[in-house]
Amino acid sequence: MSTHQDGSEMRYMDQGYYQESINATIKGLETPLPKILVILTTIDLSCNKFQGMIPDVIGELGSLEGLNLSHNNLKGHMPSSLGKLSELEWLDLSSNKLSGTIPSKLTTLTFLEVLNVSSNLLTGSIPQGNQFNTFQAESYRGNPGLCGYPLSKTCTNSRVPGEPPVLPEGGAHSFFAEILESGAVEIGLACGIVLGLIMSNLRYLRSFW
């Protein structure tokens, strides 16, 4: 028998150390875990008052299968490092104040069965591909800035947020050349009209000389 650093009892069973039982919310269901391995593959910190941003280092927890940070006061962007959690099966970040876009790298999580990012401040188009094609609209509710499947709101701008506008063939030089050329045509047309009016008036005045 051994004692953990926080004073809780640890029991040796079979091939590992286990702590006392806890109740964990897994995929939306409260599940009792009577024997908890010290090396947890599930993190449930929901319904607290945590503030700040989700750290990028969370992507280093490669064995993580479940992550629940819902119902807190987390802000900032969803870290793209979440896409490194290759074993992740469920992710709940709902009811926070997360902003920005949903990282497209999350589409690489082929084991992800449950996703909930509802009731945040997320914007932009919802990534598509792999498991993201299976999630329902309820996963994204409460984010007025989100658009695209499976929501009924379509995206009016097909350009990916953060990417520069596509320039015409020939690059920036051609782009500005077209602007200057079109402006020159308009200026030339205006000058032609003015000169035409002046010449007409001169001819009219000469008829009286």
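## Exercises on a predicted model

The largest nonpolar core has 27 residues, and Met78, Leu82, Leu93, Ile102 and Tyr140 have the most contacts inside it. Such a core is a set of buried Ala, Val, Leu, Ile, Met, Phe, Trp, Tyr and Cys residues joined through side-chain atoms within 4.5 Å; buried means under 20% relative accessible area, exposed over 50%, and partly exposed in between (1.4 Å probe, protein chains only). In soluble globular proteins, nonpolar side chains tend to be buried together.

Before you start: this is a predicted model, where local features need pLDDT of at least 70, side-chain atom pairs count only at pLDDT 80 or more, and totals for chains, interfaces and linings use all residues. Residues are numbered from 1 along each chain as its sequence is written, and side-chain values use heavy atoms, with hydrogens and water left out.

**Exercise 1. Find the contacts of Leu93, leaving aside neighbours within four places in sequence.**

Step 1: Apply the rule that contact means heavy atoms within 4.5 Å.
Step 2: Look around Leu93; you will find Ile54, Leu69, Ser70, Met78, Leu82, Leu98, Asn116, Val117 and Asn120.
Step 3: Compare with the core: Met78 and Leu82 are among the residues with the most contacts inside it.

**Exercise 2. Work out how the sheet with S7, S9, S11 and S13 is built.**

Step 1: Strands are DSSP runs (E, at least two residues), numbered from the N terminus, and two strands pair if DSSP finds at least two bridges between them.
Step 2: Zoom in on S11 (residues 90-92), which 3 bridges join to S13; here Leu91 stands opposite Leu115.

**Exercise 3. Decide whether Thr107 is buried or exposed, and what it touches.**

Step 1: Locate Thr107 in the loop between strand S12 (97-100) and strand S13 (114-116).
Step 2: Its relative accessibility is 14%, so Thr107 counts as buried.
Step 3: Not counting residues up to four places away in sequence, Thr107 touches Pro127, Gln128, Gly129, Asn130 and Phe132.

**Exercise 4. Classify the aromatic pair.**

Step 1: Rings of Phe, Tyr and Trp (its six-membered ring) pair if their centres lie within 6.5 Å; planes under 30 degrees apart are stacked, over 60 edge-to-face and the rest tilted.
Step 2: This rule gives 1 aromatic pair.
Step 3: The ring centres of Phe132 and Phe135 are 5.3 Å apart and the planes stand at 70°, so the pair is edge-to-face.
Step 4: Both Phe132 and Phe135 are buried.

Technical notes:
Helix = DSSP H or I, 4+ residues; strand = E, 2+ residues; numbered from the N terminus.
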